[in-house]
Amino acid sequence: LFDIAGFKEIDRIYSSTPSNINNENINLKRIEAYFLRNEYKNACDLLNKEKFQKSYVFGKFEIICNIINQDFDKARFNLALLKEINEPGNNLFIDLCYSIMGDVKISKPEVMSERLDKISVLNPILLSSLQIAEISPNFEHIKNSPTSFLTFILGSPSSSIEVKLYTAETLVKQRRIDNSMLAEIYQLIVFEPEEISNALNRYKALSPVRARSLLYQALINEKNKTIKFQIVKTLLTHAKQDRLFINLSFLIKDTIKFHELENLLIDDIKLIIDIFSATKSFEDAEEFLKIKAYENGILAKEFAEKEISLNLHRYIEDKSYFNLSQIEYLLDKIQSQKEYDNEKENILLISSIIFDFNEKIVSKIQEISATDLVEKSNMKLFDLIVGLSSIEKKDYFNSLKIIFRIFKDKKINELSELELFLVLKFLMVFEYDAEFKYMVNEILFYKK
């Protein structure tokens, strides 16, 4: 809970804990949580409780509280004790505290270049002292930080804009902040008017976060709908590389009237359908598909998988009717054209989880499986057998063991088809509805 910034849940759990329980680790996490929420008064009040048993690990927090309460003599005394211990990693904190009190002068460049770069991982006490000293952490410190640290960094006035951008993009993917907040942060960087007007060329020389900020600002400033759509394509192609396609789709959906665009390529039409699907604008997607992909009431064959994928996604989100004849059509197409790509695979994978296939569909799948079109999975057979058995029996403990084993060293896009099948099956059987929908989105929009 602490790592994912579940601070309210921590408070709720603690409030139901018997009053005679006084656990040092729990108290430490409570104090760290207060610090990461900028609730210094609550943290310091907790530290000052008479019944609070404190050890060396709480000393730095006490020093910060001394400084906040302007009890500098006590802070200096405790800093002198800390200095005598001479523990590695304490020097930066000690110097920051003396600097905050005005006892020594340390320039920000000196801290960044000579001290901060030597710290590989930040902790709540260093984050708090850096904020009070008005110094921003850098990318190296935050790239592997838990959600709780990222929420603090995003809200800290001392964090640099680029660090805030990176942090916001990470948190929006974790669904810890709204997409609208990401839009606000994209507009924090100040670009020259010439950079914005020439964004389609200038973005290439920028870091990924600055590039997306520039392209987004160019998008909302551009009036020409053709250029605007070029920016949309560039921005979303760029975003997909960092798994931000869904989030940015919400930001750009209403910035352009897609139905008014002319001379669209097949890939352009598919992209627009994906934008509508990602934002759950299913009626808009269907209307656009009818206008751009149908001719004389017949769907162009290039858009068959895209329409099936759209209908499947809508069924999962709002239980709209889905005709299994679409799966039969897809299987017939695979057999006749001898083509089995990731888009078809994703559709079959997801539909196999949520529908009971009839004998006709099962027979077609078996025929395709017997060919060399389908590559063999690298998932261990034992994990598949044990996993399916545990899930079907609703054996929660052993099911979780298999799921954790699958995700041990992999991200979603690195999982094999059988591993994805097992994870989706687990989420559906144990009714993790939000997580199931999240996984489906990850597969539909990022697994290519």
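**Exercise 1. How much space lies in the largest cavity? Determine this, and then describe the lining of the largest cavity.**

Solution. The structure is a predicted model, in which local features need pLDDT of at least 70 and side-chain atom pairs count only at pLDDT 80 or more, while totals for chains, interfaces and linings use all residues. Residues are numbered from 1 along each chain as its sequence is written, and side-chain values use heavy atoms, with hydrogens and water left out.

Step 1: on a 1 Å grid over the protein atoms alone, a cavity is a set of points where a 1.4 Å probe fits but cannot get out, whereas a pocket is an open set with protein on both sides within 12 Å along at least five of seven lines, and lining residues have an atom within 4 Å of a point. Grid points are joined across faces, edges and corners, and a volume is the space filled by probe spheres set on the points.

Step 2: this rule gives 2 cavities of 30 Å³ or more, and the largest cavity holds about 110 Å³ of space.

Step 3: the largest cavity is lined by 13 residues, of which Asp274, Lys306, Ser309, Glu343 and Leu444 are the closest to its centre. Helix H20 (304-318) supplies the largest share of this lining, 4 residues; helices are DSSP runs (H or I, at least four residues), numbered from the N terminus.

**Exercise 2. Characterise the largest pocket by its volume and its lining.**

Solution. Step 1: about 1700 Å³ of space lies in the largest pocket.

Step 2: the lining of the largest pocket comprises 49 residues, and Thr170, Lys173, Gln174, Tyr438 and Glu442 lie nearest its centre. Among the elements that give two or more residues to this lining are helix H17 (245-252) and helix H27 (433-446), and H27 contributes the largest share, 8 residues.

**Exercise 3. At what angle do the axes of H17 and helix H18 cross?**

Solution. Step 1: the axes of H17 and H18 (residues 266-278) come within 9 Å and cross at roughly 90°, where axes are lines fitted to C-alpha atoms over the stretch in contact and angles run from 0 to 180 degrees between N-to-C directions.

Step 2: H17 is therefore roughly perpendicular to H18, a term that covers angles of 65 to 115 degrees.

Step 3: the contact (heavy atoms within 4.5 Å) is made by Phe245, Ile246, Ser249, Phe250 and Ile252 of H17 together with Leu271, Asp274, Ile275 and Ala278 of H18.

Terms used: Parallel < 35°, antiparallel > 145°, perpendicular 65-115°, else oblique.
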